[in-house]
Amino acid sequence: MTTDVTTTSESVSTKKATRDIYLPAERKKVAGGGAAHIVAKDFSIHYGEFEAVKKVSADVLSKYVTAIIGPSGCGKSTFLRAINRMNDLIPSCYTSGSLLFDGEDIYGKYTDEVLLRKKIGMVFQKPNPFPKSIFDNIAYGPRLHGVSDKKKLLEIVERSLRKAAIWDEVCDRLDKNALGLSGGQQQRLCVARTLAVEPEVLLLDEPTSALDPKATAKIEDLIQELRGSYTIMIVTHNMQQASRVSDSTMFFYEGVLVEHASTAELFTNPKDPMTEDYITGRFS
Amino acid sequence: MNIGTRKILDRSFTAVGIGSIIVMALALMVVVVPIVSNGIGAIFFTGTVEHRKMLHAEFNRGERQNLASEVASSERYRTKVYEMLSAFDAELETMEPEKKAQYDSKYSQVKTALHALLGPLPGDMVPMLTRFKYGQTRWEKAEEKLHELLYESKWDNSNPDIMGKEYFVSRAVAFEGTSLAALFPYVKNNIEKMLLPEFTVYWGFITDSSVDSHFFGGIWPEIQGTFFLAMGAMLFAFPLGVIAAIYFTEYAKPGFLNSMLRSANSTLAGVPSIVFGMFGLAFFINTLRVSESKSVIAGSLTLAIMILPTIIRAAEEAILAVPKTYREASLSLGSTKWNTIATVILPAALPGILTGGVISLGRAAGETAPIIFTAAVSVGSAIGLADVFSSPTPALSWNIYNLASEHEAAAQIRHVQYGMVLALVTIVLLLNLSAIVLRARISKKLKG
């Protein structure tokens with residue numbers, strides 16, 4: 001059932017222009033975007049015996065928003081976490097095939113995963129600020145990467161918080177503990193923290209699943225703001241969310257990338273009957 | 001189960017819970033109340049003029065003039081006692097040898113009791129041991145000695161089927177008809193004027209060195225020794241334990257060696273402390289030769305080995321309790337493993353690690369067995385910091401044991417022993433309290 005999808009993506013990876021099929025026509029084009037930023041080719045992820053992601057081949061276009069949908073346990077989070085090698089924390093996890101970031105193999109022998117994670121930031125399902133002040137949370141990354149000048153740090157903190165649309169809410173209490181913020185604020189803080197290290201890619205792993213609708217709306221607005229500046233990948237359970245925020249959508253089922261197309265295309269005219277069943281809610 | 005039964009069960013469990021807490025509290029009272037009430041007696045007590053004389057002579061404390069007038073006024077009453085003695089001495093000379101022999105032993109008993117009560121009698125040689133240079137320094141002891149002077153203790157062994165019964169015979173009766181008979185009522189009536197009892201607060205018990213193996217003076221060398229030993233143990237064990245815990249939780253690959261090491265660590269935590277003591281002697285002193293003989297450093301190392309497993313365990317638990325999300329967040333920002341450990345995991349685990357550390361410190365301060373062969377001596381002066389590599393030290397735990405079991409005059413200085421127990425309990429309690437406060441403060445800081 002994957003055959004026609006994978007062949008499509010393989011053929012487009014050679015011709016740049018045809019990649020536009022991933023982009024919905026009604027959405028604004030991003031200047032300078034659209035290059036294949038992350039390329040998976042026959043990429044599989046195993047947890048010991050279990051193959052969680054099976055021979056996925058796909059392109060993720062730079063500066064656009066790519067959504068990953070699929071039922072629970074379909075491997076979408078695993079795939080996302082593989083991109084900045086968060087799965088390294090699981091001892092039994094190994095990969096096969098290739099996964100390229102800017103043309104370099106993410107799982108290459110000489111790849112520095114620390115450098116990679118600096119370029120590919122991640123925001124997690126549950127807001128996870130450090131038990132430190134708001135300022136220290138944002139400044140954590142820049143400090144790690146050698147910024148120690150207080151003025152410069154303050155500049156970065158302000159810029160990141162503004163980008164994450166939370167500056168106005170926290171500007172007068174930067175020295176307060178971040179755990180005192182509300183869930184939605186914490187999550188935007190985590191986005192700001194990720195932005196502070198100036199990544200190229202933003203991976204969002206179900207960023208709104210622990211938030212109320214109002215906070216969710218703010219995060220979605222934020223994603224729209226960031227579109228065009230960062231390559232964004234968002235895993236979500238919420239199909240409305242995927243259709244609202246993304247340019248292209250991947251549908252995973254049982255570890256297989258069933259379909260990858262422009263969001264408008266995938267939701268209005270799915271090619272695969274499985275996709276259709278899922279988006280019409282026949283199974284979840 | 002219906003709602004009625006459930007409620008009855010709930011209620012009876014509550015009752016059992018409260019009951020067990022009450023029993024625990026009572027048991028604690030039974031332990032703590034005697035320790036506090038007896039231990040406090042080492043500092044607050046009714047002291048006699050002999051105590052003030054001793055303080056002045058041994059520690060150069062107290063007002064000279066005041067003391068001189070006190071001594072003079074007590075001497076006025078004592079002189080009469082001494083006069084009676086010399087009068088009786090003269091009377092003995094005039095007696096026939098058989099009659100004289102009859103009084104000999106009884107008279108020397110009286111003299112001994114008087115010496116114990118009032119200090120050396122005129123004409124006695126100056127005693128070698130400080131404990132014999134003074135009369136009773138504490139009023140409650142003076143009252144006991146007075147009783148000994150007034151009454152002779154005898155044992156009634158007439159019934160062979162039961163244990164002997166003690167009974168008292170007035171000494172005055174034995175000296176009926178001699179000039180000495182007047183001595184007993186005189187001493188009884190004027191004892192307060194001779195000893196001048198007065199409520200005394202002796203803080204020196206904490207800060208003074210002991211005189212004549214704890215007969216007089218304080219317990220500072222013991223307190224300081226305990227402090228040195230415990231601190232030394234922490235100095236070795238804490239960094240080592242935290243590093244080991246970090247290795248176990250963050251770096252070690254699961255496998256045979258790792259699980260062996262972990263179970264070895266758990267086993268070590270259960271080894272009796274006396275075994276550590278013997279090990280310390282055999283390894284640190286006899287094999288490594290960290291010092292010629294017993295020394296603070298050898299004791300500290302032994303204690304360190306003993307508390308190491310506890311520190312490792314506590315630190316491991318604390319590190320494992322740090323949410324995985326912190327680690328993920330830090331790594332996803334491009335942090336190295338070591339940076340993540342140093343800047344995120346250790347700060348978050350700090351309350352748990354410190355609690356384990358302070359509780360271990362308390363345990364190191366309280367342990368006796370590991371230092372018997374490696375560091376402790378029963379009598380000694382406070383040592384300087386430079387001496388920790390070569391000299392042994394007195395320590396509270398060991399000296400409590402020593403005073404309870406081995407001291408030649410244990411019964412006469414119970415107050416010192418209780419004072420030491422109170423000091424040790426207070427130190428350990430304060431350490432644990434500081435652990436609780438520390439933990440609360442850091443947790444509060446972390447939670448915001």
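How many disulfides does the structure hold over all chains? The count is zero. A disulfide is a pair of cysteine sulfur atoms within 2.5 Å.

This is a predicted model, in which local features need pLDDT of at least 70, side-chain atom pairs count only at pLDDT 80 or more, and totals for chains, interfaces and linings use all residues. Residues are numbered from 1 along each chain as its sequence is written, chains are lettered from A and ligands numbered from 1 in the order in which they are written, and side-chain values use heavy atoms, with hydrogens and water left out.

**View 1. Two cysteines of chain A, A:Cys171 and A:Cys190, stand apart.** The closest cysteine sulfur to that of A:Cys171 belongs to A:Cys190. The gap is 19 Å, so it is too far for a bond. A:Cys190 is likewise in no disulfide. A:Cys171 is partly exposed, at 34% relative accessible area. A:Cys190 is buried, at 2%. Here buried means under 20% relative accessible area, exposed means over 50%, and partly exposed lies in between (1.4 Å probe, protein chains only).

**View 2. Chain B meets chain A.** In this view, 24 residues of chain A are in contact with 19 residues of chain B. Contact means heavy atoms within 4.5 Å. The two chains bury about 1,800 Å² between them. Carbon and sulfur atoms account for 65% of that area. Buried area is the accessible area (1.4 Å probe) that two parts lose on being put together, summed over both.

View 3. Across the interface of chain B and chain A, six residue pairs are in polar contact, both residues at pLDDT 80 or more. A polar contact is a pair of N or O atoms within 3.5 Å; within protein, one must be able to donate a hydrogen and the other to accept it, and residues adjacent in sequence count only if both atoms are side-chain atoms. Helices (H or I, at least four residues) and strands (E, at least two) are DSSP runs, numbered from the N terminus.

**View 4. A salt bridge links A:Arg81 and B:Glu328.** Side chains of opposite charge can pair when their charged atoms come close. A salt bridge is a side-chain nitrogen of Lys or Arg within 4 Å of a carboxyl oxygen of Asp or Glu. The whole structure has 23 salt bridges over all chains. Between chain B and chain A the count is one. The closest N and O atoms of A:Arg81 and B:Glu328 are 2.6 Å apart. A:Arg81 lies in helix 2 (residues 76–83) of chain A and B:Glu328 in helix 13 of chain B, so the pair joins two chains. A:Arg81 is buried, at 14% relative accessibility. B:Glu328 is buried too, at 6%.

**View 5. B:Glu50 pairs with B:Lys53 and with B:Arg78.** The salt bridge between B:Lys53 and B:Glu50 spans 3.1 Å, N to O. Both residues lie in helix 2 (residues 49–59) of chain B, three residues apart, about one turn of the helix. B:Lys53 is partly exposed, at 22%. B:Glu50 is buried, at 1%. The salt bridge of B:Glu50 with B:Arg78 spans 2.8 Å, N to O. B:Arg78 lies in helix 3 (residues 64–94) of chain B, so this pair ties together parts that are 28 residues apart in sequence.

**View 6. A:His260 sits in a strand of chain A.** The strand is strand 10 (residues 256–262). Is A:His260 buried or exposed? A:His260 is buried, at 8% relative accessibility. Its side chain makes a polar contact with the side chain of A:Ser248, at 3.3 Å.
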